[in-house]
Every structure is written in structure tokens, then in C-alpha cells.
Amino acid sequence: MENNIVSFEKYARTRDESIRKRVMNGIDRKEVHEYYASVIHVSIRHLTLLQRYLIEEYLTEIICEFFFRGVDASKQYEAGRTTEEIEHSYTKEHFSTIYSLANEYRLSRHIGEWDVYSVSIIAEDVALKWFRNGLSYGKKQRKLRLL
């Protein structure tokens, strides 16, 4: 009888992972590269190779996470909410995620205080930019009934 129990958590986790993989194909790699060359590289080129690598990994994680969150939040368009309303409702959550990721990567341990501040400003900009990109991508995909 115990074998008849279905784990919805496992099913939901598998479904989320497959959706996340499909959604990540929507990230415009050219736009990421242009942003990196014009903003990120200029800001971190004075750091050592390992410090730059750490920051690049951190910002890549933010791009992927916030793009996915934007796609997920695009569901709210169906309820008649505007982009500004959706962004406003996620603002507090965004800041806590950005800083929890910074703690996960232990940025303050590996780079100086001013560099952490600079990277934090870039991270906030990256998060908002790719959240908006995720919103628009998700809206388009939902119109096409692909999500």
C-alpha cells in the first residue's frame, strides 16, 4: 500500500528544473556579453583573476536567478497587473536575494569594502535589468502558450 503514494514534491521539483532549463534559453547571450564588456569588466578589471572570477560567477547567478524570477512573475500579467506593480511587489525580495547571494559567495571576505559596494550596485542593476527581460520573455511565451 505504501508503494501507491505519489510524491508531488518530486514531480514539482522535476517540472521546475525542466522549465528552468527551457527558460534559460531565453537569455540573450549577446546582451549579457555587451553588458559585461561595457559595465562589469570596466568595474572589476583592477582585481585579481580569482576575485574577478568570483564576481563573474556571482553576477551570472544573479542574471539567471532574476531572469527566471521575471518569467515566473509574468504570470501576474494574466491578473491584469502592470509591469510597475509587479516590480514593486518584488523589490524587497530582490534586495534580500541579492545580499544573501553575496553572503553565499562571501564577497566581503574576498574583496575590499569599496569593491563590495561597487559590485552591489552592479548586482542591483543586473537584477532589475534581467528581471524585466524575464518579465517580457515570459509574457511573450505565455501569449504563445509555451509556458
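**View 1. Arginine 69 and glutamate 65 are 4 residues apart in helix 3, which puts about one helical turn between them.** In this predicted model, the two side chains form a salt bridge, with the closest N and O atoms 2.9 Å apart. Arginine 69 is buried, at a relative accessible area of 17%, and glutamate 65 also counts as buried, at 16%.

**View 2. Arginine 132 and glutamate 87 meet in a salt bridge (2.7 Å, N to O).** The pair links distant parts of the chain, with arginine 132 in helix 6 and glutamate 87 in helix 4, 45 residues apart. Arginine 132 is partly exposed, with a relative accessible area of 41%, whereas glutamate 87 is buried at 13%.

**View 3. Lysine 129 forms a salt bridge with glutamate 31, the closest N and O atoms lying 3.3 Å apart.** Lysine 129 belongs to helix 6 and glutamate 31 to helix 2, so the pair ties together parts 98 residues apart in sequence. Lysine 129 is partly exposed at 28% relative accessible area; glutamate 31 is partly exposed at 22%.

**View 4. Ile19, Val23 and Met24 are the buried residues of helix 1.** They cover an arc of only 125° around the axis, which puts them on the same side of helix 1. These buried residues pack against helix 2, helix 3 and helix 6. Lys10, Tyr11 and Lys21 are exposed on the face turned away from the buried side.

**View 5. The largest nonpolar core has 36 residues, of which Ile55, Tyr58, Leu59, Ile62 and Leu107 touch the most other members.** Helix 3 gives the most to this core, with 11 residues. Contacts of isoleucine 62 include Ile98, Leu101 and Val126.

Notes: Residues are numbered from 1 along each chain as its sequence is written. This is a predicted model: local features need pLDDT of at least 70, side-chain atom pairs count only at pLDDT 80 or more; totals for chains, interfaces and linings use all residues. Side-chain values use heavy atoms; hydrogens and water are left out. Buried means under 20% relative accessible area, exposed over 50%, partly exposed in between (1.4 Å probe, protein chains only). Helices (H or I, at least four residues) and strands (E, at least two) are DSSP runs, numbered from the N terminus. The arc is that of the directions from the helix axis to the C-beta atoms. Contact means heavy atoms within 4.5 Å. A nonpolar core is a set of buried Ala, Val, Leu, Ile, Met, Phe, Trp, Tyr and Cys residues joined through side-chain atoms within 4.5 Å. A salt bridge is a side-chain nitrogen of Lys or Arg within 4 Å of a carboxyl oxygen of Asp or Glu. Lists of a residue's contacts leave out its neighbours within four places in sequence.
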